[in-house]
Each structure stands twice: as structure tokens, then as C-alpha cells.
Amino acid sequence: MNKRPTILATRDAPDSHLRKAEQVDLEFSNGERRTYERLKGSGFGAVLIVAMRDPETVLLVREYGVGVDRYELGVPKGRLDRDETTEQGADRELKEEVGFGARKLKILGTLSLSPSYMTHLAHVVLAEDLYPERLQGDEPEELEVVPWRMDKLHELLARDDVTEGRSIAALFMAREYLAGRYKPA
């Protein structure tokens, strides 16, 4: 496992592309009026990819998360580019982060992140029938790819390096879909 990066400094980022706030004036059905603030998204959405190496094994990645200052194990993920479909973005991110493309992609649903104050949405995509292909990504270091058996997801939850809720939700959505217990809308 890689050594954590060293944090050299921290400071407020008033013009950050990650922090664009807007005020929203609302009137509820009972006539009550309120003004809320929310963080606006800064892109075209995101994808979370559940990449199935075979019917029993998902490919996870270990990646540094500056928000929690540690390496986290989760599904490959990334932002969608302009004029890119969800499937195209998922396939591109899969090639960049895992070194595989997918012949079969299925959108399983969409997850929000803190919907009380953020507009961020991420599409969960199941990737199957993988083939080797690597694209250059924007990661500062190579990501470790970790195969994990789908029937051992309960053991994944017990790990202290698996805390990203969207990854956990995406894995369980895929497991339920593959078992025939969940049908996307």
C-alpha cells in the first residue's frame, strides 16, 4: 500500500470549483416560506462503476481520499465530461482507473450526496464482459485494483478503509440486481 501524501498546507478556497453556493427561496404547500442554501454541482454529473471481473467478483480500487486523509477501498468513479453519455463516461473511467473496458454497461440508478444541501448526483453503472484496455487518467498515482467476491460484501463493511457510502450503496444495488431482486426503473 502507498504511503499517504503529506499535507503541506490548508487554506480557505473562496473561488473553489467545489464550493459554489446558491440561495433558494421556497414556498411550501402550507404557505410557509424559507430561504435555503445549497452547494451547486460543478460539472455534468458523475459515475460509480461496479465492474464485474466475472459473475462472482467485483473489481475495487484503493485510492487516496484527501477529505478523510487516508486510502479508501471502493468502486471506480469519476466525473462525466461534456457531451459524454453516462455509459461512455463509465467506460472511460473504468479504462483509466482499472485498465479494463466493458462490452456490457447497465445503468442501475442514481445516488445523491447530501440532498439537503447539495445538487450532486452520481449514476451507478454495472459493467460486465470486461476486456483489457487502459487509458491515461488524471490520478496522481496508479490505483491498486482489488478483486472482491460479491458474496463477501458483509466482510467489506467491517473494514476501516471502506467508508464511502456511495460505493457501498452501488455494490448492494448491483448485488440485488444480479440476484434478480432489484429492477432499475
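**Strands, then domains**

Guide: Start with β1 (residues 20-27) and β2 (residues 33-40), which pair in the antiparallel sense over eight bridges. Pairing here requires that DSSP finds at least two bridges between two strands. This is a predicted model; local features need pLDDT of at least 70, side-chain atom pairs count only at pLDDT 80 or more, and totals for chains, interfaces and linings use all residues. Residues are numbered from 1 along each chain as its sequence is written, and side-chain values use heavy atoms, with hydrogens and water left out.

Visitor: Which residue of β2 is the bridge partner of Asp25?

Guide: Thr35.

Visitor: And which residue in that hairpin takes a positive phi?

Guide: Gly31, with phi near 90°. Five residues sit between the two strands.

Visitor: How many helices and strands does the chain have?

Guide: Three helices and nine strands. Both are DSSP runs: helices are H or I with at least four residues, strands are E with at least two, numbered from the N terminus. The order from the N terminus is β-β-β-β-β-β-α-β-β-β-α-α.

Visitor: New topic. What are the domains?

Guide: Domain 1 is 6-39 and domain 2 is 45-179. The bounds come from an automatic or database domain assignment. Their C-alpha centres lie 27 Å apart.

Visitor: How many residues are in contact between them?

Guide: Six of domain 1 with six of domain 2. Contact means heavy atoms within 4.5 Å.

Visitor: How many salt bridges across that interface?

Guide: Zero by the rule, which asks for a side-chain nitrogen of Lys or Arg within 4 Å of a carboxyl oxygen of Asp or Glu.

Visitor: What box do the C-alpha atoms fill?

Guide: Roughly 55 × 45 × 35 Å, along the principal axes.
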